[in-house]
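The sequence and structure come first, then the points grouped by topic.

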Amino acid sequence: MSASPDPAGRRRIAPGVEVSVLTVGASALGSPRVDDPTAQATITAALTGPLAALDTGNNYGRSEERIGAVLRALGGVPAGHVVVTKVDPAPGDDDFSGDRVRRSVDESLARLGVDHLPLVHLHDPERISFAAATAPGGPLEALLALRDEGVVGLVGVAGGPAAMMERFVRLGVFDAAVTHNRLTLLDRSADALLDAAVEHGVAVFNAAPYGGGILAREPQEGVALTYAYRPATPEHVAARTAIGQACARHGVPVAAAALQLSTRDPRIVSTIVGATRPQQIDDALAWARHPVPADLWDELATLVPDQRVARTRRSMTLSHHQEIR
């Protein structure tokens, strides 16, 4: 792996489309738990600060609506920034047809107040079968048609199961992909997917580098740990303890190591870090710049839980279609 790059450094993924090494994730900014002034301040910081990309989605509550309000106040997407979104079924509906994809894009355009979307991902296709996703008249065909029509600039796929994501990437039709929770200090199961993306020229965004928070915050007594939106396995808990001890010996915050594992991987174009207040963007920038000695990386590589055990426990807990980002 290479040294950790400048988190605000730009990377070109297509003519006229650049992202930064860190992308601000806006999924939680659609939640009613975040009040309007805080959401507005966070979105404004993301769109006017050093980071170039803001990631949202059609089914992220009020996220697109709130981003659109800030964009109107700013007079549009600021130069040098991009807003990335995703197509989804309507809330409470299982329809993920080609027609639904077109409606999803229309909804995003209206909420954001723009007439073009630079990058749109097919979101969580594990909700339907691979055959249904790629069928004539299906969601992928509709999204590719929107790219051909110029409504969408680039087309990506965002999902959970690494083997499924690799299968989509190997179709050779995508410009980008989002993987989440599969390249972290606790899970390296995205390796084959990342190699396939390099082979096919697909720009990879790595989301949830903190595993949903277990690698960003210190464990608290009496508070159950979760990983990838599920109860943490005993293997994950033990590994998190060992990781914390290793990082403490080297004077490195666990969050800094968790973030830089992703940013220093040359196969990853941008790492998505969620934020619900401006300070979290500043924290991510600081963690991405914190010195991490080479020998700590060597030690951390030995602490990854057994992937076979982790996958078996996850499959016994919840099925893939229940995963959300």
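A nonpolar core is a set of buried Ala, Val, Leu, Ile, Met, Phe, Trp, Tyr and Cys residues joined through side-chain atoms within 4.5 Å. The model discussed here is predicted. In the largest nonpolar core there are 80 residues, and a search of the whole structure gives 19 salt bridges.

**Nonpolar cores**

- Another core, of 17 residues, lies apart from the largest one; its members include Ala 53, Val 82, Ala 176 and Val 269.
- Leaving aside residues up to four places away in sequence, Leu 300 touches Leu 185, Arg 188, Ile 243, Ala 246, Cys 247 and Ala 257.

**Salt bridge Asp 36 to Arg 66**

- Asp 36 and Arg 66 form a salt bridge through their side chains, at 2.9 Å from N to O.
- Asp 36 belongs to helix H1 (residues 36-48) and Arg 66 to helix H2 (residues 63-74), so the bridge ties together parts that are 30 residues apart in sequence.
- Arg 66 counts as buried because its relative accessibility is 8%, under the 20% cut-off.
- Asp 36 has 40% relative accessibility and therefore counts as partly exposed.
- Both residues also belong to a network of salt bridges that links Asp 36, Arg 62, Glu 65 and Arg 66.

**Salt bridge Arg 240 to Glu 218**

- The side chains of Arg 240 and Glu 218 meet in a salt bridge at 3.3 Å, N to O.
- Arg 240 is in helix H8 (residues 234-249), while Glu 218 is in the loop between strand E9 (203-207) and strand E10 (226-227), so the pair joins parts 22 residues apart in sequence.
- Arg 240, at 2% relative accessibility, counts as buried, whereas Glu 218 is exposed, with a relative accessible area of 55%.

**Salt bridge Glu 299 to Arg 249**

- Between Glu 299 and Arg 249 there is a salt bridge whose closest N and O atoms are 2.2 Å apart.
- This pair links distant parts of the chain, with Glu 299 in helix H11 (residues 294-301) and Arg 249 in helix H8, 50 residues apart.
- Glu 299 counts as partly exposed at 24% relative accessibility, and Arg 249 counts as exposed at 57%.

Methods. Residues numbered from 1 in each chain as written. Predicted model: local features only at pLDDT ≥ 70, side-chain atom pairs only at ≥ 80, totals over all residues. Heavy atoms only, no water. Salt bridge = Lys/Arg side-chain N within 4 Å of Asp/Glu carboxyl O. Helix = DSSP H or I, 4+ residues; strand = E, 2+ residues; numbered from the N terminus. Buried < 20%, exposed > 50% of the residue type's maximum accessible area, 1.4 Å probe, protein only. Contact = heavy atoms within 4.5 Å.
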